[in-house]
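Hi everyone, thanks for coming. Today I'd like to walk you through one structure, pocket by pocket and helix by helix.

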Amino acid sequence: MYPVSAQFLQTLATSHTMVAKVDAYYAGQLLRADLPFSSGSVTVDRASKSRRKLALTVPDPALLPRGEIDPLAPYGQQLVVSRGIRYTNGAEEWVPLGTFRVDNPSGDTHFGPVNVSGTSMESAVIDDKFQVPTTTRGMGGCVDAMTTLIRQTLPDAVVTNLTTGNRNPSVAVATWDAGSDRWDAVTQVARAMSAEIFVDAQDRFVITDLPDVVNGAVAWDIADGEGGNLIASSRSVSRTAVYNAVVASGENSASGAIPVSATAKDVSLSSPTRWGGPFGKSTKFISSALWITAGDCQAAADFELFNAIAPNVEAALDTLPNPALEGNDIVRVIDGGRKERFLVQSLTIPLTADANFAITLRGGKEEAA
């Protein structure tokens, strides 16, 4: 979660004045501050290759782009979006919601409005497919490899390693053909070190440990009742995407390594998903050219099993808006006396006070009362 003051979090649960702004930039230069808008939202989704998306409605048809350097033109223009709180003493506290490449402005030329969509800067790396075969040979560690691949597209990109101990294990030799997706290559390297990478609200390419719902720190409590911030909730449970065995395999001809594999199974007698128990047998297969030893595969299978046997519980909440949340945060939901930890799967943050704030959570884990 983006670091905010204790006063900010306390004020979220009370009547307050929200503020939001959108500034337009081109080639690092401010084109237009405080763009007028009538509605808008930022969606953060862990399942999307571009983690953050902007939808914005601008009422003034004069802002429909006609020139190459107009504020809403799609030639590299970026919209920097923030939301915050104005306190009763007039002071303001702001939270960044992201930097978005303008993708698709459209609207009625006489009456408007102008509808604008934008995506976070993974999109630039996604667009820049490899023009020639590209290898990790000589790139050193996994973080070094990801940084190199990203900066070949965005030379000034900020790449921040937030993994525990700032891990940077050596990267196996892998090669991607011309035409391959550069961002897929980056995320494959991240997965090889049991990490994930995404662009955060501060426009940084952030490398983090894979989230751990059971042991990770709770970023925010969502509670019902008087003084709480929970408005409504729904819940569904499914065995879809729940597995009790994982087979990990690696085959990498570029490094000259022989094919390797390893298996992890849920064998705990107390587990409701134990292999061969009433749940049955369900196997997930994963692979990567960056796993070149049996130990690499075993570590990947063990970690994936930890996630695979987690209950597939999906909770959808309407709650008071917290713009500081990120897509990999862990929240605690306190509803009817029960306490459960969830991973934030997606959330939509409105830019106006009259729109709903919705969160989808995955993988519930009940806490002791």
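Predicted model: local features only at pLDDT ≥ 70, side-chain atom pairs only at ≥ 80, totals over all residues.

Residues are numbered from 1 along each chain as its sequence is written, and side-chain values use heavy atoms, with hydrogens and water left out.

First, the pockets. Rolling a probe the size of a water molecule over the atoms shows where empty space is left. Here, on a 1 Å grid over the protein atoms alone, a pocket is an open set of points where a 1.4 Å probe fits, with protein on both sides within 12 Å along at least five of seven lines; lining residues have an atom within 4 Å of a point. A volume is the space filled by probe spheres set on the points, which are joined across faces, edges and corners.

How much space lies in the largest pocket? About 1,600 Å³. It has 50 lining residues, and those nearest its centre are Arg46, Lys284, Glu304, Asn307 and Leu343. Helices (DSSP runs of H or I, at least four residues) and strands (runs of E, at least two) are numbered from the N terminus. Among the elements giving at least two residues each to this lining are α4 (182-192), α5 (294-308) and β21 (338-350). The largest share, seven residues, comes from α4. By class, the lining has 25 nonpolar, 14 polar and eleven charged residues; nonpolar means Ala, Val, Leu, Ile, Met, Phe, Trp, Tyr, Cys and Pro, charged means Asp, Glu, Lys and Arg, and the others, Gly among them, are polar.

The second largest pocket has a volume of about 570 Å³. Its lining has 28 residues, with Met1, Thr208, Glu326, Asn328 and Asp329 closest to the centre. Strand β13 gives the largest share here, three residues.

Buried means under 20% relative accessible area, exposed over 50%, and partly exposed in between (1.4 Å probe, protein chains only). In α4, the buried residues are Arg182, Trp183, Ala185, Val186, Val189 and Ala190. They cover an arc of only 160° around the axis, which puts them on the same side of α4; the arc is that of the directions from the helix axis to the C-beta atoms. They pack against α2, α3, β11, β12 and β13.

In α5, the buried residues are Cys297, Ala300, Ala301, Glu304, Leu305 and Ala308. Why do they line one face of the helix? Because, seen down the axis of α5, they fall within an arc of 135°. An α-helix has 3.6 residues a turn, so residues three or four places apart point the same way. The cover over the buried residues of α5 includes α4.

Finally, two single residues. Alanine 24 lies in strand β1 (residues 17-26) and is buried, with a relative accessible area of 0%. Leaving out residues up to four places away in sequence, alanine 24 touches Leu30, Leu35 and Pro71, among others; contact means heavy atoms within 4.5 Å. Threonine 160, in strand β10, counts as buried at 17% relative accessibility. Beyond its neighbours within four places in sequence, threonine 160 is in contact with Arg204, Phe205, Val206 and Ile207.
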